[in-house]
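Please look through the model below with its sequence at hand. The paragraphs that follow go from a helix residue to the strands and then to the charged side chains.

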Amino acid sequence: MTRLLAACRGRLHRARPRPPGAERGQILVIFTGGLVTLLLVVGLVIDGGVAFLDRRQGQNESDLAAMAGTKVVADHYTKGGRTGAEVFAAIDATATANGCTATGAPPCPWTAEYVRPNGTSEQVLGAVTNGGAIPAGAQGVRVGITRLPHTYFLGIIGLRFVRDSLVRPKEYW
């Protein structure tokens, strides 16, 4: 029995000779590929989370700006004398106060339209501009905000911004 164990030990410790020209370093290629894949997955999780939070912030900014513009439209009917420039100023001031500026970092341009209910949907009456009058029949404002948050990890593969144009405009009346 001891001979058998001694014979097995001898076989276990002997290394098999490599044939000349045998490939070496496969583990390096596998490790590198796995590391790149891991970085891309981490980048997707972190940058996706940042984009999700940025989208939520954009939706909040859109809601607040629409409420501010709609308040000016309501004041136009109840107190009289309000102008389109005042609606524009109220929307712009609210968006700016909440961190949304067209020239900020990241940029955050917004658009706004006068609306009124039309059955189960709304009728667009025109764009909110810095001047002019509030259209007759306008009962609210719809504001849409586009945000471009910077990426952290996905910049490795060339994605420097995640365009978030899915902020649904919100209307109030």
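Contact here means heavy atoms within 4.5 Å. Leaving aside neighbours within four places in sequence, Thr94 is in contact with Leu64, Ala65 and Ala68. Thr94 belongs to helix H3 (residues 84–97), where helices (H or I, at least four residues) and strands (E, at least two) are DSSP runs numbered from the N terminus. With a relative accessible area of 18%, Thr94 is buried, a term that means under 20%, with exposed meaning over 50% and partly exposed in between (1.4 Å probe, protein chains only). This is a predicted model, in which local features need pLDDT of at least 70 and side-chain atom pairs count only at pLDDT 80 or more, while totals for chains, interfaces and linings use all residues. Residues are numbered from 1 along each chain as its sequence is written, and side-chain values use heavy atoms, with hydrogens and water left out.

Strand E1 (residues 110–118) pairs in the antiparallel sense with strand E3 (residues 140–145) over six bridges, and E1 also pairs in the antiparallel sense with strand E2 (residues 121–127) over six bridges; two strands pair if DSSP finds at least two bridges between them.

Glu113 and Arg142 form a salt bridge through their side chains (2.4 Å, N to O), the term requiring a side-chain nitrogen of Lys or Arg within 4 Å of a carboxyl oxygen of Asp or Glu. This pair links distant parts of the chain, Glu113 in E1 and Arg142 in E3, 29 residues apart. Arg142, buried at 16%, also meets Glu122 in a salt bridge (2.6 Å, N to O).
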